[in-house]
Amino acid sequence: MFDVNTAPPCGYTCGGCSHFRKDCAGCRQTEGKPYWSSYVENSRCPIYYCCTNERLLEHCGLCSQLPCETFLKLRDPSLSDEEFQKSLNERLTILRKRAGTSPG
């Protein structure tokens, strides 16, 4: 079930993550510093920062530049190319639904 309180701007579903509520409270609660953020430059998710701090949007589905370069390049290195593409497509679908727009 979709929960706006735990839905990060990027379209991931925190509730489906094995780290959620164990070693991560989620992007909304940590203000863009999920468990994995210590592995990226500036220790903050660049998608979260862009969306909420620079563009002042609730989520990326409201951005006219979706999918932008940052959105397309940030990926879990453990995913194969096929897994990443599937994840990317799922996130875009979720974000477009949240924005009330059709895929396209």
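This is a predicted model: local features need pLDDT of at least 70, side-chain atom pairs count only at pLDDT 80 or more; totals for chains, interfaces and linings use all residues.
Student: In which loop is E31 found?
Tutor: E31 is not a glycine, and yet its phi is positive, at about 55°. As for its place in the chain, E31 belongs to the loop between α1 and α2.

Student: Is R21, another residue with a positive phi, buried or exposed?
Tutor: Phi of R21 is near 70°, a positive value in a residue other than glycine, and R21 sits in the segment before α1, the helix that spans 27-30. Its relative accessible area is 67%.

Student: Which residue with a positive phi follows α2, and which residues within α2 are buried?
Tutor: The buried residues of α2 are covered by elements that include α1, α3 and α4. After α2 comes L56, with a positive phi near 55°, while inside the helix the buried residues are I47, Y48, C50, C51 and T52.

Student: Where is the cis peptide bond that involves P67, and what is its omega?
Tutor: P67 is placed in the loop between α2 (46-54) and α3 (69-73). The cis bond runs from L66 to P67, and its omega is near -5°.

Student: H59 lies in a loop as well; which backbone nitrogen does its side chain reach, and at what distance?
Tutor: H59 is in the loop between α2 and α3, and, with a relative accessibility of 2%, it counts as buried. Not counting residues up to four places away in sequence, H59 touches P9, C51, L95, R98 and A99. Its side chain reaches the backbone nitrogen of G61 at 3.0 Å.

Student: With which residues is S87 in contact, leaving aside its neighbours within four places in sequence?
Tutor: S87 lies in helix α4 and counts as buried, at 11% relative accessibility. Once those sequence neighbours are set aside, S87 is in contact with Y12 and L79.

Student: Which helix supplies the largest share of the lining of the largest pocket, and which lining residues lie nearest the pocket's centre?
Tutor: The largest pocket holds about 750 Å³ of space, and its lining divides into 19 nonpolar, 7 polar and 5 charged residues. The largest share, 5 residues, comes from helix α4, which spans residues 81-99. Of the 31 lining residues, those nearest the centre are Y12, C17, Y35, W36 and D76.

Student: How many cavities of 30 Å³ or more does a search of the whole structure find, and what is the volume of the largest cavity?
Tutor: Among the residues that line the largest cavity are I47, C50, C51, L66 and F71, and α2 contributes the largest share of that lining, 3 residues. The lining divides into 9 nonpolar, 1 polar and 1 charged residue. The search finds 1 cavity of 30 Å³ or more, and the volume of the largest cavity is about 90 Å³.

Student: Finally, for the chain as a whole, what percentage of the residues count as buried?
Tutor: The chain exposes about 6800 Å², of which carbon and sulfur atoms supply 50%. Among its contacts between residues at least 6 apart in sequence, 45% join residues at least 24 apart. Of the 104 residues of the chain, the part that counts as buried is 33%.

Definitions and conventions. Residues are numbered from 1 along each chain as its sequence is written. Side-chain values use heavy atoms; hydrogens and water are left out. On a 1 Å grid over the protein atoms alone, a cavity is a set of points where a 1.4 Å probe fits but cannot get out, and a pocket is an open set with protein on both sides within 12 Å along at least five of seven lines; lining residues have an atom within 4 Å of a point. Grid points are joined across faces, edges and corners, and a volume is the space filled by probe spheres set on the points. Helices (H or I, at least four residues) and strands (E, at least two) are DSSP runs, numbered from the N terminus. Ala, Val, Leu, Ile, Met, Phe, Trp, Tyr, Cys and Pro count as nonpolar, Asp, Glu, Lys and Arg as charged, and the others, Gly among them, as polar. Buried means under 20% relative accessible area, exposed over 50%, partly exposed in between (1.4 Å probe, protein chains only). Contact means heavy atoms within 4.5 Å. Accessible areas come from the Shrake-Rupley method with a 1.4 Å probe; for residues, only the protein chains shown count as cover. A polar contact is a pair of N or O atoms within 3.5 Å; within protein, one must be able to donate a hydrogen and the other to accept it, and residues adjacent in sequence count only if both atoms are side-chain atoms.
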